[in-house]
Amino acid sequence: MKSRDLLSQLSSLESKLGDFSFEELTSSEASHLKKSFQAFKKDLEDRIWGETPRANQDEKIRIDTKAEVSKLIANVSHELRTPLNGIVGFANLLRESKLNENQEEYVNAIQSASTTLLDIISELLAYARTTADLGPNQNNEFNFRSLVKDVLYLASGLLGDKSIKIEVDLETAIPEVLIGDAAKLSQILLNLYGNAVKFVEKGEINLKINCLNLDAKTTTLSFALSDTGIGIAADKLKNIFTPYRQAESDTFAKYGGSGLGLSIVQQIVKDLNGDISVQSELGVGTTFTFNLPFKIAEKPTIIDKNNVDDILLEHLETVKGMHILVFEDNELNQRLIEQRLKKWECKPQVTDNAILGMNILKNSAIDLVLMDLRMPDVDGFEMTRRIRASADKTIRKIPIIALSADFSMQDQKDCKSSGINDFILKPYSPDELLLKITSNKLKTKATEELPRIAKSTGKQQRDIVNLNPLLEECMGDIEVLEELISLYHANALEFIGKSKLFIKNEDFEGLQFASHKIKSGLAMLQTFNLNAIVEQIHKVCRTTKDINHIEYLYHCFIDEYPLIEEQMTAALKEIRSK
């Protein structure tokens, strides 16, 4: 038995010792027994914790217990998400088939129940992560009014048949583009909206947002969400943010819920350096108020929104005919993903066996691998390492997308170290899976199309710059040719400088325009490798908007350009010498 386990047993024994009847012992014997017991326990505690105050020991026990509970919740969430992924997926497939009215009603009921269950699981997992201090804050630019509009739309979907009026009042002074964690702000607002909808049968839910302070670089916003619901008694408000506690004992029976939502909200608000409070009156309504600091973006980033249907159709064409190997051990999920891929006219092969999977890779032209991380015999990380260690160069470079019902910070590190290219969390929507597959195929295609540039001396497999055709177009005028080359270099350097800034700000519209602008010049001087790279950047900006892919392509351009510039200088020198 470990020392800490023994200490736990001794603590339990100590509580029983206080109730023990010492009829068979004298008072001095009983006193000696208790003192001996306490001395032994203290000595054990000192060996485990060191000479620390009791309060610190209790804090360590509390932290250990908290970590164990968080780990347990995460594991349970994973086990629930896996079968739920199958239920949600097959319900989506059913909706896409021809259904009669009753069947459509049944499918809607399945989806509704699954969504409710997923919400509870997500709350549990979010609570586990916030209490375990997981999930770093993101600081990205986002359009504040668009975020509020999206949250309002989602909140309206929670109303069902209830006749509730939802209104939003935004102070005009709030900057259009802020820097902060948009996802966590959305989660806070949706949790509060969900709580309000639950306790309001009819009436109003109002969200008021004001600037508490505003300067050139920062602002603090005050959010007040009020409802005309059942309200909370004054003596119950103190427990409103306590996990698993609700205002009244019959609240769960009447309204449902896990009792975690408001606790999660408080954790997130604190994590974002904000504060939250509540005011309520029984039978009148409740108001939750929270304040959060944000940075202000220097220049608003406007992203061009293409027609979603057209993009999805383009993605479907991209994946059509792809040979995809799926590693998945859950039988329900095996059938689900196979049916989904076949519907997209892919050619899937599914297995949960490491040896069989490697044989498929050796004997079939596989384009992409979907890898479940939590297989029982050989997990997804080890399977990926085996693929990356293959003697076959083609197999080693196959893109691998991880599939899992949970994803911790350690998983993220393991994915990177084992060679996994991308990740998707179960349960996922069909569109999410489609976009992931398309994005990774485009990355692979770009890699294959880009030249293999040998940076050492000797033969180099790249474009050989030939200025003679352009010189003919310039009617043999070398000065005009030099002017065009000078303009070419200026445009390339401008593209490199601006693209770096656009990538940093994730300004896809600006980057798309810059890549379009430089294409004609690259084609004119017949530098087709650079043109191919820019074409890919332009396409990714218009479709997947995968910033990691764009960064890769940008660095390919930077690697290639100096070599082209060197060759162009040599070619011009040769023309001058004639």
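User: Which residues is Thr384 in contact with, leaving aside its neighbours within four places in sequence?

Analyst: Thr384 is in contact with Met371, Ile400, Ser418, Gly419 and Ile420, once neighbours within four places in sequence are left aside. Contact means heavy atoms within 4.5 Å. The model is predicted: local features need pLDDT of at least 70, and side-chain atom pairs count only at pLDDT 80 or more, while totals for chains, interfaces and linings use all residues. Residues are numbered from 1 along each chain as its sequence is written, and side-chain values use heavy atoms, with hydrogens and water left out.

User: Why is Thr384 called buried?

Analyst: Buried means under 20% relative accessible area, exposed means over 50%, and partly exposed lies in between (1.4 Å probe, protein chains only). Thr384 has a relative accessible area of 0%, and is therefore buried. Thr384 lies in helix H12, residues 380-388; helices are DSSP runs of H or I with at least four residues, strands are DSSP runs of E with at least two, and both are numbered from the N terminus.

User: What makes Leu370 buried, and which residues does Leu370 touch?

Analyst: The relative accessible area of Leu370 is 0%, so this residue counts as buried. Leu370 belongs to strand S10, residues 368-372. Not counting residues up to four places away in sequence, Leu370 touches Ile324, Leu325, Val326, Phe327, Ile337, Leu341, Ile401, Leu403 and Leu433.

User: Is Val107 buried or exposed, and how do you know?

Analyst: With a relative accessible area of 4%, Val107 is on the buried side of the cut-off, and therefore counts as buried. Its place is in helix H4, residues 101-131. Apart from neighbours within four places in sequence, Val107 is in contact with Ala91, Leu94, Arg95 and Leu99. Arg95 is twelve residues from Val107 along the chain, and their C-alpha atoms are separated by 7.0 Å.

User: How do you know whether Glu345 is buried, partly exposed or exposed?

Analyst: The relative accessibility of Glu345 is 46%, so Glu345 counts as partly exposed. Glu345 is in the loop between helix H10 (331-343) and strand S9 (347-351). Although not a glycine, Glu345 has a positive phi of about 65 degrees.

User: What makes Glu506 partly exposed, and where is its place?

Analyst: At 36% relative accessibility, Glu506 falls into the partly exposed class. Glu506 is in the loop between H17 and H18. Its phi is positive, about 55 degrees, although the residue is not a glycine.

User: Why are H17 and H18 called roughly antiparallel?

Analyst: Two packed helices are described by the angle between their axes and the distance between the axes. Axes are lines fitted to C-alpha atoms, for helices over the stretch in contact, and angles run from 0 to 180 degrees between N-to-C directions. Angles under 35 degrees count as roughly parallel, over 145 as roughly antiparallel, 65 to 115 as roughly perpendicular and the rest as oblique. The axes of H17 (residues 478-505) and H18 (residues 508-524) come within 10 Å and cross at roughly 165 degrees; H17 and H18 are therefore roughly antiparallel. Among the residues that make the contact are Tyr488 and Phe495 of H17 and Leu511 and Ile518 of H18. By class, this contact of H17 with H18 has nine nonpolar, five polar and two charged residues; Ala, Val, Leu, Ile, Met, Phe, Trp, Tyr, Cys and Pro count as nonpolar, Asp, Glu, Lys and Arg as charged, and the others, Gly among them, as polar.

User: What makes H18 and H19 roughly antiparallel?

Analyst: H18 and H19 (residues 528-542) pack at an angle of about 155 degrees, with their axes 9 Å apart. H18 and H19 are therefore also placed in the roughly antiparallel class. Phe508 and Leu522 are among the H18 residues of this contact, and Val534 and Cys541 are among those of H19. The residues of the contact of H18 with H19 divide into ten nonpolar, five polar and three charged.

User: What is the hand of the crossing in which H5 passes H6?

Analyst: A crossing is left-handed if the near helix is turned anticlockwise from the far one by less than a right angle, and right-handed if clockwise. H5 passes H6 in a right-handed crossing. The axes of H5 (residues 144-156) and H6 (residues 182-199) come within 10 Å and cross at roughly 35 degrees. By contrast, the crossing of H17 and H18 is left-handed, and H18 passes H19 in a left-handed crossing.
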